[in-house]
Amino acid sequence: MENDLNLKATELRLGLPGSDEPERQMIPRPNKRTLSDIVSEGSTSTTEEDHQDTAPPAKVQIVGWPPVRSYRKNCLQGKKDEVEGGTGMYVKVSVDGAPYLRKIDLKVYRSYPQLLLALENMFKLTIGAYSEREGYNGSDYAPTYEDRDGDWMLVGDVPWEMFISSCKRLRIMKGSEARGLGCV
Amino acid sequence: MQKEMAYSFPDEVLKHVFSFIQSDKDRNAVSLVCKSWYEIERWCRRKVFIGNCYAVSPRMVIRRFPEVRSIELKGKPHFADFNLVPDGWGGYVLQWIAEMAGAYPWLGEIRLKRMVVTDESLELIAKSFKNFKVLVLFSCEGFSTDGLAAIAASCKNLRELDLRESEVDDLSGHWLAQFPETCTSLVSLNISCLGSDEVSFSALERLVDRCPNLRSLQLNRAVTLDKIANILRRAPQLVDFGTGNYAAELQPDVFSNLAGAFSSCKELKSLSGFWDVVPAYLPALYSICPRLTSLNLSYATIQSPDLIKLVSHCPRLQRLLVLDYVEDSGLEELASSCKDLQELRVFPSDPFGVEPNVSLTEQGLVAVSLGCPKLQSVLYFCRRMSNAALVTIAQNCPNLTRFRLCIIEPKTPDYLTLDPLDAGFGAIVEHCKDLRRLSLSGLLTDHVFEYIGTYGKKLEMLSVAFAGDSDLGLHHVLSGCESLRKLEIRDCPFGDKALLANAAKLETMRSLWMSSCAVSFGACKLLGQKMPKLNVEVIDETEPPDSRPESYPVDKLYIYKSVAGPRFDMPPFVWSMDEAVKILH
């Protein structure tokens, strides 16, 4: 059994010809949780102890795993509700100024801080903290959502469970525009 | 070579002979015999299949095959099904339609899979092809019912409209009413993916009424159970039927009406739909169960006893799709009742739950493997597995062609011995000599890849997740699997070495996907540089890969062979490693 790929025999190598291939370390990306952070050993624990500093406390689902298509996942939830968006599953997220929509699965998150962190990472922007009195004042961006009645609300105004069952789509507005919404 | 050979056939004769050759492989072989055969063949090729829409450009296809009547295109990589491919990645069909509109006025059939289809594209199809017959949009997105209205209104001889598993912006159910009264040609209509609460049911009824050749009809969830009988009585010739939601308060007259309607369908062989099932209505199917060869209950949230009762009435079943509510007991019943079973798919009812919610284990699959000797295709989600079970399955079912096992928790070992599942999957590839498709899961080391490379000579598609220890694993697959066309890998410690050492192999494959692995940006660039026949694309939504050191691993990598060069429609988060493109940047 070979334990060496005999890289030198192939044409392709990294580094200049004549020099040995430099030893490369795996550099972990900032904010990226390694697999061991995400997946607990064995099968059944859901507790906070699996994770280190940067990771959110509860067990968060891995993107795209298990490999079940979204329309299937949605069908197993709200039986009478519409397949897309009505029960807070896959919702479209738009960001003012960005040309591309994204879709996220709200079921993956357990709380507002988790969701906001994910949005910040996904779109490379800062949303900051929510306060009941002031909404997201002071942030560049404010997350808003359209609920079942078609109203646009500030994310965080209602309890989490109510939010995920009524959120149809998300829109991350520029902070200045969002001041009309929310409690202030 | 003499210009005129005494024994050469006139073109018309060759054309006639070639018309009997349907398979692409054979047609391609024919075209390689000599220049004149190439010429004759290309003028009479009517059907083109393009497995990767970026492997070739529309213009190139049109140039070589000027008289195409039927085209099939596939867009996004398979892992797009699981949200690993960001929105906006690509797979747009519009340019293809636009070019074909001019070149193929007689184009009659368009089949698309995982492509972005806009209303504009649909309107263009409706406008451009006078003889348009077949539109299949499989797992597509980007269009609304407005686009469908255009198709319905304009395509006078439409035979097939199949929207399976697509994402449609449901603006209004009235598009169905756009089918003119003169349209009587429908053979197949699949609208099961539509969400709208207002499918214009009266329009649907009238359409079904006037299409005597309708063989296949799949309704959407919004159509209620009481409406089924009306539809079936208008179309007793149906061979394939998909219900809407199958729930209603149990009422004797509704039940007997439904049972009567089903029993009048003497040709019905295949059923699907069954959202929200009320078990009391299942016996309405009993009269047709003996003829059923295909049953898709994968949305039916009914429990094992009801499933067992139903399945035991279907001795001719060849294909069963079901949720894991079927449990081991249900699968044991299946194994004893359905000796003709060829395909089984068991989906998870609670994919994100941590504790098992049903009693479905490896035992169910073992039972089916024992009882169903014709089993060829398996998709199985479960929470535990053992090497012993896999070996048994492999020995019982040497004719397996597709085996996809998903043990829900990544890196789960053999539950009996706590060993990796290398030996089990090794037995699968060793015994199942015709295996074409394999998906792995559970705890796996490089050994499993050694088995796959050694025995998986007919393997065409391999899906790998959370497996392997080192580059050796990837090397075994790339160097050993002679028939490999598609390889998709996520979250494995595979890096530069194996990829670069097997770069030439990539030119013989359709595509390679690697995400959350250990391939460095430098290696990607090198591949892009050295392999002009490959498109090497790096996907990174957070920042440009060249803003980090070259040794940094890329997030997602998609490599595919192409004669069209780098594509022009890449979004900002996709970077091509092609040298020419880099210069322009």
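Which residues in α15(B) meet which residues in α16(B)? The views below start there and then move to other parts of this predicted model. Residues are numbered from 1 along each chain as its sequence is written, with chains lettered from A and ligands numbered from 1 in the order in which they are written. Local features need pLDDT of at least 70 and side-chain atom pairs pLDDT 80 or more, while totals for chains, interfaces and linings use all residues, and side-chain values rest on heavy atoms, without hydrogens and water.

**View 1. Helices α15 and α16 of chain B pack together.** From α15(B) come D422(B), A423(B), F425(B), G426(B), V429(B) and E430(B), and they meet H447(B), V448(B), Y451(B), I452(B) and Y455(B) in α16(B). Contact here means heavy atoms within 4.5 Å. By class, this contact has seven nonpolar, two polar and two charged residues; Ala, Val, Leu, Ile, Met, Phe, Trp, Tyr, Cys and Pro count as nonpolar, Asp, Glu, Lys and Arg as charged, and the others, Gly among them, as polar. The helices span residues 422-431 and 446-455, with axes 8 Å apart at an angle of about 5 degrees. That angle makes α15(B) roughly parallel to α16(B), a term for angles under 35 degrees. Axes are lines fitted to C-alpha atoms over the stretch in contact, and angles run from 0 to 180 degrees between N-to-C directions. Helices (H or I, at least four residues) and strands (E, at least two) are DSSP runs numbered from the N terminus.

**View 2. Helices α6 and α7 of chain B meet.** Here residues 119-128 and 145-154 form the two helices, whose axes come within 8 Å and cross at roughly 5 degrees. That makes α6(B) roughly parallel to α7(B). Look for D119(B), L122(B), E123(B), I125(B) and A126(B) on α6(B), which meet α7(B) residues including L148(B), A150(B) and I151(B). The contact residues divide into six nonpolar, two polar and three charged.

**View 3. Helices α2 and α3 of chain B pack at about 145 degrees.** Their axes lie 8 Å apart. R27(B), V30(B) and S31(B) of α2(B) make the contact with W37(B), Y38(B), E41(B) and C44(B) of α3(B). Four of these residues are nonpolar, one is polar and two are charged.

**View 4. The second largest pocket has a volume of about 1,000 Å³.** Its lining has 27 residues, with N28(B), F49(B), I50(B), G51(B) and K561(B) nearest its centre. Elements α2 (24-31), β1 (47-50) and α4 (58-64) of chain B each supply at least two lining residues. Domain 1 (6-44) and domain 2 (508-584) of chain B each give at least three. The lining divides into eleven nonpolar, six polar and ten charged residues.

View 5. The peptide bond from W65(A) to P66(A) is cis, with omega near -10 degrees. In chain B, F274(B) has phi near 55 degrees, a positive value in a residue other than glycine.

How values were computed
Parallel < 35°, antiparallel > 145°, perpendicular 65-115°, else oblique. 1 Å grid on protein atoms, 1.4 Å probe; cavity = no way out; pocket = protein on both sides within 12 Å on 5 of 7 lines; lining within 4 Å. Points joined across faces, edges and corners; volume = space filled by probe spheres on them. Domains from an automatic or database assignment.
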